[in-house]
Amino acid sequence: MIPRIQKRGQRTIGLLYYLYGPGKFEEHTDPHLVASWDHNAPDPGRDATATLKQLQQLLDQPVENIDQSQRPKKHVWHLSVRNGGADRILSDEEWGAVARRMVAAAGIDDPEAGAGCRWAAVRHADDHIHIIATLVREDGYKPDLDNDANRVQAQARVLEAELGLRRLNKGDGTAAKRPTSAERHKAQRHGKERTPREELRETVRRAVAGATSEPEFFDRLAATGLLIRQRVAPSGDLLGYKVALPDDHNEDDEPIFYSGSTLAPDLSLPRIRARWSPTAGPDQSSDAPTDRASRQAPDRPAAARRRAASAAWQAVLVIDHGDDAQIAAHIAATGEVLDAFAKTSAAHTRKELREAAIAFERASRSHIRAEHGHDRALRQAARDLVYSGPALGRGEDGATTAMLIDMAFFLVTAAAHWHGRKQHAQQAAAAQQAAEHLRAAYQAAAPVPLGALYQRGRRLSQPLRHKHVAYLRQSVPELAEQILAEPGWYALAATLADAESAGHDAAELLAEAADRRELDTAGSVSDVLVWRLRRMADLPADASAMPEHGTTAPQPPQASPGPPRIAATAPTRPGNSRT
């Protein structure tokens, strides 16, 4: 249930005409009253003898009864209450009860004192009602509406439980503004899945991802084809910006512009500038990834993905152990990485990665102020992804895509747990939703690279496999039997052989990988270790780039190990690590 207090107005009759009219897009059906202040107000919708003028005069009577100098300049209060598409349809009696609870919670009506404001609740659709009230009480005093928005939200949470509706998470005022009903209807009429507000928000977020200056940011915006207006002070300083879609016009055929702050709180120009802070904390050097393959070829998609995976791993450690301001910055920068990742992904993972980025947008902000600078490695990773260009869905590009999705899942899950501990309910839920989309993207990205490693592991000679089993039991004795029973064990055995062939101490490397973060709640421990080891040892993610090791005689075809499971299961409750 979503209550929304609209802007106050001056004309009671104007709002009544809208509520009882056909709607801007003929969407209103059977407008009628479901409740009113005295249970006896005239209903122009179902009473042929009642008129809108009569209802307006009765609503305005307390306002007219006081001296004109004492009247509020804007005396019309308007609340809409809407249920979700998955909720059951409430009866008129239930909506009437909802209306009475809402006006009491807001301070519009005081049933006990009997001296509230006059109000009426109009229903013109299955899923919502509108409540109109005039802001002078029967005794001539004005109502106390301080904090009315929070009070009706709290009442909505109670009503959801009582009426068996979907339970929504309590907001904290940091969410992006939802599209209006007019914007949604306009998008539907034009055959678009999303409103211009949502399209612009995603486009601006992608332009911000990894950008380091105003010229770069505005150049990226211009390259997308958006219309841009900059607000400049008399001194020549840039104060803000607005953007519009070229094909989105108002009734005068003029482009409809949205300022950055109306798209999302963190897309205002001052908030974007804060991301470009040159200051870094004392631990900044430890945040920088040291992946050798990334340094050698930073312009290739595969190298950019390896670098991003390394930066994501460092960010997980910060979220686990850092202070709140640093964690908030890393979570915000995680959103940039997801935006850049989705923008440059191949077709088979693009949809789910895009949905993950859109979902995580809500998780990227909270009331905890981000201390930017510490997040430089993640922002650089986002920048590398953007400038490396689109990745292929095969070879090293495809394999490093699976590697990065796996690590992004860890990072997003860690963010969900942190938000849960901080009682950020909406952000925690958004991060969990993003994790589910990453899980789906992983299922699309991982079968080919893991399948190749699986076949290499099956071809290893028996003595070599026995040696890697010994390494496993030595390094992770408590999980060894579980790993050996997983289909992914053969991919892990091939990875250990690759690491040893590259000059690493396989047992020592395995112990280090297992020690870096707990593994006992992972959905597939072997998958976790495969990607950790290949990243730590600078091994190609694509097994076809590696030479064969000691093998057995040719094997008969083996059954497929089945679809890979992502390295960790989705978080079940805030505060409990699932990685």
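Predicted model: local features only at pLDDT ≥ 70, side-chain atom pairs only at ≥ 80, totals over all residues.
Val412 touches Thr334, Leu338, Phe360, Ala431, Ala434, Ala435 and Leu438, leaving aside residues up to four places away in sequence.

**Around Val412**

Val412 sits in helix α16. Its relative accessibility is 0%, so Val412 counts as buried. Phe409 belongs to helix α16 too, and Phe409 is likewise buried, with a relative accessible area of 0%. Gln432, by contrast, lies in helix α17 and is partly exposed, because its relative accessible area is 24%, and the buried class is kept for values under 20%.

The table gives each pair with its spacing along the chain.

| Pair | Separation along the chain | C-alpha to C-alpha distance |
|---|---|---|
| Val412 and Ala428 | 16 residues | 9.6 Å |
| Gln432 and Val412 | 20 residues | 7.5 Å |
| Phe409 and Ala356 | 53 residues | 10.0 Å |

**How α16 meets α17**

Two packed helices are described by the angle between their axes and the distance between the axes. Helix α16 covers residues 395–421 and helix α17 covers residues 425–445; they pack at an angle of about 165 degrees, and their axes are 8 Å apart. An angle over 145 degrees counts as roughly antiparallel, so that is the description for α16 and α17. The crossing of α16 past α17 is left-handed.

From α16, the contact draws on Gly398, Thr401, Ala402, Ile405, Asp406, Ala408, Phe409, Val412, Thr413, Ala416, His419 and Gly420. The α17 side supplies Gln427, Ala428, Ala431, Gln432, Ala434, Ala435, Leu438, Arg439, Ala441, Tyr442 and Ala445. Sorted by class, the contact of α16 with α17 holds 14 nonpolar, seven polar and two charged residues.

On the α22 side, Leu509, Leu510, Glu512, Ala513 and Ala514 meet Leu529, Arg532, Leu533 and Met536 of α23. This contact of α22 with α23 divides into seven nonpolar, no polar and two charged residues.

**Helix α3 and its partners**

Helix α3 runs over residues 92–106. Its 15 residues reach 21 Å from the first C-alpha to the last, close to the 21 Å expected at 1.5 Å a residue. Which residues of α3 are buried? They are Trp95, Gly96, Val98, Ala99, Met102, Val103, Ala105 and Ala106. These buried residues pack against β1 (2–5), β2 (32–36), β3 (76–82), β4 (117–123), β5 (128–137) and α4 (148–163). After α3 comes Gly107, which has a positive phi, near 100 degrees.

**The whole chain**

Stepping back, the secondary structure of the chain comes to 23 helices and eight strands. Of the 579 residues in the chain, 54% are buried. Among contacts between residues at least 6 apart in sequence, 73% join residues at least 24 apart.

How values were computed. Residues numbered from 1 in each chain as written. Heavy atoms only, no water. Axes fitted to C-alpha atoms, helices over the stretch in contact; angles between N-to-C directions. Helix = DSSP H or I, 4+ residues; strand = E, 2+ residues; numbered from the N terminus. Parallel < 35°, antiparallel > 145°, perpendicular 65-115°, else oblique. Left-handed = near helix turned anticlockwise from the far one by under 90°. Contact = heavy atoms within 4.5 Å. Nonpolar A, V, L, I, M, F, W, Y, C, P; charged D, E, K, R; others polar. Expected span 1.5 Å × (residues − 1). Buried < 20%, exposed > 50% of the residue type's maximum accessible area, 1.4 Å probe, protein only.
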